[in-house]
Amino acid sequence: MTTPASVIPNRRRAPARTSLTIPRILAALVPCGWLSAVLGCSPDPSAPDLSAAPPGPGSGQPFLASDGTGVWMSWLEPAPEGYRLAASRFDGSWTDPVTVAEGDGFFVNWADFPSIRAVGDRLVGHWLWRGGKGTYDYGVRIAWSEDGGATWSAPWTPHEDDTPTEHGFVSMFVDGDVVWAAWLDGRAMVEPSGPMSLRARSLPVGGTGGTGGTDGPGPEVLLDARICECCQTSAVVAAGTPVVAFRDRAEGEVRDIHVTRRLADGWTGSIPVHEDGWVIGGCPVNGPAMAALEALVAIAWFTAPNGEAQVNVAFSADKAASFGPPVRLDSGRPLGRTGVVLLDDGSALVTWLEEEGAGTAAAILSRRVTPDGDLGETRRLATTESGRASGVPRIARLGDGNLMLAWTDPTEDRVRVSVFALDDWAR
């Protein structure tokens, strides 16, 4: 079995306040234009200019969110007192970075990253903040901006339990005109055998009415009472139906990927995307990635049933009510940390980390797959390392024809960004 790089042998997650870093680009596969000075090749006048990507030394934990024509990127970087959560938009060039939050109270973790996204004319961002009552006392903070990030609201906390426990791994989504957040909630972990749960809530930003928005937030909703303790979540809205994906924790320590959906009468009970039957006595810190295009949903994930590590993708044509059989994508030594986007023809482009060679060498790989299971060639996007310092690579659609990738380069100790033409992937 290829052991995941970060299996947590118990339910507690190490805070991992390590340097915030990300991988080097594989020169032979990166468009020449924006690295011409480094690679010594002729500039491509059609290539986006990413040479001025704003994250500086020590930056890490990037997050990407497409707004249709451009991509918003957020990241953490050192500040005079602690850290700064910064953001910038790319649409051919980078905007001046804005500061979402700054201070010495950030809970910095390689796998649990802040985010920012555009919601209509607003920006909504989240981060984690320490509570001061112990290593595992930290909570979610959410703020929004009405002026493109120049100013931000006071931080708001979606969970009201006030316990000195873990709250994080947030996914935000927009249902109609109401913004929601789903998060892992450790309030029951005040007891020695208490489980991690999954909760959600509509936010006091955007929309109208009692389910969230200008009249205030909606009530907290328990989506699942016992889930894996520190795997990322993912959320989409498929043809008007919100879907949240997560790693479940069933009896016998079976930790397969599940989804729950919000219907007219409330949230459904969770169902497995596929019954992998992966039994593992600790959290692998390896959550699912999900994308939606109308009613079509694609979900990619890492699993290791019977000791065989693999990266799979599965499709749903009915808004995640059911899924087809999984399609395996990896080359035999996967580490997971998946990403996925859906393309206009209904195929999915999936990224993941894979071990290569000896030592800590790894690569960010990608592959295109159709709902019928037809696979394109595996493509290498960047080199990196297998440890925690390489973080979780992120991808997003950039306009109609490009893919943006952001990752941590442990060698350069900073966030790196690249753009690839979607036509480069074999159909």
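Me: What are the ground rules for numbering and confidence?
Reply: Residues are numbered from 1 along each chain as its sequence is written, and side-chain values use heavy atoms, without hydrogens and water. The model is predicted: local features need pLDDT of at least 70, side-chain atom pairs count only at pLDDT 80 or more, and totals for chains, interfaces and linings use all residues.

Me: What makes up the protein chain in terms of helices and strands?
Reply: The chain has 1 helix and 27 strands. Both are DSSP runs numbered from the N terminus: helices are H or I with at least four residues, strands are E with at least two.

Me: How many aromatic pairs does a search of the whole structure find?
Reply: The search finds 9. Rings of Phe, Tyr and Trp (its six-membered ring) pair if their centres lie within 6.5 Å; planes under 30 degrees apart count as stacked, over 60 as edge-to-face and the rest as tilted.

Me: Why is the pair of phenylalanine 173 and tryptophan 180 called stacked?
Reply: The centres are 6.0 Å apart and the planes stand at 10 degrees, so the pair is stacked.

Me: What makes the pair of tryptophan 180 and tryptophan 267 edge-to-face?
Reply: Here the centres are 5.9 Å apart, but the planes stand at 70 degrees, so the pair is edge-to-face. Tryptophan 180 lies in strand β9 (residues 178-185) and tryptophan 267 in strand β15 (residues 266-267), so the pair ties together parts that are 87 residues apart in sequence. Ring pairs link Phe173, Trp180 and Trp267 into a cluster.

Me: How do you know that phenylalanine 173 and tryptophan 180 are buried?
Reply: Buried means under 20% relative accessible area, exposed over 50%, partly exposed in between (1.4 Å probe, protein chains only). Phenylalanine 173 has 4%. Tryptophan 180 has 6%. Tryptophan 267 is buried as well. Across the protein chain, buried residues make up 59% of the 427 residues.

Me: Why is arginine 379 said to sit over the ring of tryptophan 425?
Reply: A charge sits over a ring if NZ of Lys or CZ of Arg is within 6 Å of the ring centre and within 35 degrees of the ring normal. The charged end of arginine 379 is 4.6 Å from the centre of the tryptophan 425 ring.

Me: Why are β8 and β11 at the edges of their sheet?
Reply: The open sheet runs in the order β8-β9-β10-β11, with antiparallel pairing. β8 (167-175) and β11 (221-227) each have a single partner strand, so one side of each is left without a neighbour in the sheet.

Me: How do you know that strand β10 and β11 pair?
Reply: Two strands pair if DSSP finds at least two bridges between them. Strand β10 (residues 196-202) and β11 are joined by 4 bridges and run antiparallel. In one of these strands, β11, valine 221 is the bridge partner of alanine 200.

Me: What makes strand β23 largely enclosed?
Reply: Of the 9 residues of strand β23 (residues 361-369), 8 are buried, so the rest of the structure largely encloses it. Strand β22 (residues 348-355) pairs with β23 in the antiparallel sense over 8 bridges. Strand β24 (residues 379-385) also pairs with β23 in the antiparallel sense, over 6 bridges. Isoleucine 364 stands opposite alanine 382 in β24.
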